[in-house]
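Student: I am new to this structure. Could we go through it together?

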Amino acid sequence: MESTFMKLALAEAEAAAAREEVPVGAVLVMGEEVLAASGNRIVELRDPTAHAEVLVIRAAAEKLSNERLMGAQIYVTLEPCAMCAGAMSFARIEKVVFAASDPKGGALIHGPKFFEQATCHWRPQMEQVEGEAAERASTMLKDFFKARR
């Protein structure tokens with residue numbers, strides 16, 4: 001069963017695809033409160049760091065007037081890359097929940113396994129969801145890239 005927060009992240013990914021961005025969505029929450037939600041905006045903002053995860057971390061930190069997001073959880077439709085994993089660690093995110101795995105660019109269970117590195121000083125809990133959310137996220141990404149080949 002999909003969580004409400006992952007459903008919101010999937011909606012953000014769909015909105016990103018409608019903007020012709022890579023369909024990745026993220027939602028950052030504290031308790032039951034949504035602090036920020038966004039999809040990728042790399043093309044729109046002409047900013048290579050405008051990944052959904054970075055955007056929600058920035059928005060939540062501004063909303064709370066604090067660069068430390070202790071107790072926050074982030075829900076994201078795709079396994080985060082190393083840049084986003086680093087941002088999550090620096091922000092002191094408590095938990096990362098992601099849907100589709102990313103063997104090519106992911107950095108949590110693939111590639112550098114960022115949170116397992118000795119140089120990583122804050123290690124969020126991780127959870128990969130399975131089932132419908134993971135399938136929807138994966139299909140959305142495959143369809144997006146297939147249409148561009």
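Student: Which backbone oxygen lies 3.2 Å from a polar atom of the side chain of Asn40?
Tutor: This is a predicted model, in which local features need pLDDT of at least 70, side-chain atom pairs count only at pLDDT 80 or more, and totals for chains, interfaces and linings use all residues. Residues are numbered from 1 along each chain as its sequence is written, and side-chain values use heavy atoms, with hydrogens and water left out. A polar contact is a pair of N or O atoms within 3.5 Å; within protein, one must be able to donate a hydrogen and the other to accept it, and residues adjacent in sequence count only if both atoms are side-chain atoms. The backbone oxygen that lies 3.2 Å from the side chain of Asn40 belongs to Val22.

Student: Is Asn40 buried or exposed?
Tutor: Asn40 sits in the loop between strand S2 (33–39) and helix H2 (42–45). Helices (H or I, at least four residues) and strands (E, at least two) are DSSP runs, numbered from the N terminus. Buried means under 20% relative accessible area, exposed over 50%, and partly exposed in between (1.4 Å probe, protein chains only). Asn40 has a relative accessible area of 5%, so the word for Asn40 is buried.

Student: Which residues does Asn40 touch, not counting residues up to four places away in sequence?
Tutor: Contact means heavy atoms within 4.5 Å. With residues up to four places away left out, Asn40 touches Ala16, Arg19, Glu21, Val22, Val24, Ala50, His51 and Ala52.

Student: Is Pro23 buried or exposed?
Tutor: Pro23 lies in the loop between H1 and S1. Beyond four places in sequence, Pro23 touches Ala13, Ala16, Ala17, Thr77, Met140, Leu141 and Phe144. The relative accessible area of Pro23 is 1%, so Pro23 is buried.

Student: Which residues does Met6 touch?
Tutor: Met6 is one of the core residues that touch the most other members. Residues up to four places away in sequence are not counted here. The contacts of Met6 are Tyr75, Val76, Thr77, Val97, Phe98, Ala99, Val129 and Ala133.

Student: What do the buried residues of H4 pack against?
Tutor: Helix H4 covers residues 82–91. Its buried residues are Cys84, Ala85, Gly86, Met88, Ser89 and Ala91. They pack against helix H3 (52–64), strand S3 (72–78) and strand S4 (95–100).

Student: Which residue just after H4 takes a positive phi?
Tutor: The phi in question is about 65 degrees. The residue is Arg92.

Student: What is the relative accessible area of Arg46?
Tutor: Arg46 is found in the loop between H2 and H3. Its phi is positive, about 50 degrees, although Arg46 is not a glycine. Arg46 is exposed, with a relative accessible area of 73%.

Student: Which residues lie nearest the centre of the largest pocket?
Tutor: A pocket is found on a 1 Å grid over the protein atoms alone: an open set of points where a 1.4 Å probe fits, with protein on both sides within 12 Å along at least five of seven lines; lining residues have an atom within 4 Å of a point. Helix H5 (residues 132–146) gives the most to the lining, with four residues. The lining has 22 residues, and those nearest the centre are Val22, Leu78, Asp102, Leu141 and Phe145.

Student: How far apart in space are Pro112 and Ala36?
Tutor: Pro112 lies in the loop between S4 and strand S5 (125–128). Pro112 and Ala36 are 76 residues apart in sequence. From C-alpha to C-alpha, the distance is 27 Å.

Notes:
Core = buried A, V, L, I, M, F, W, Y, C linked by side-chain atoms within 4.5 Å.
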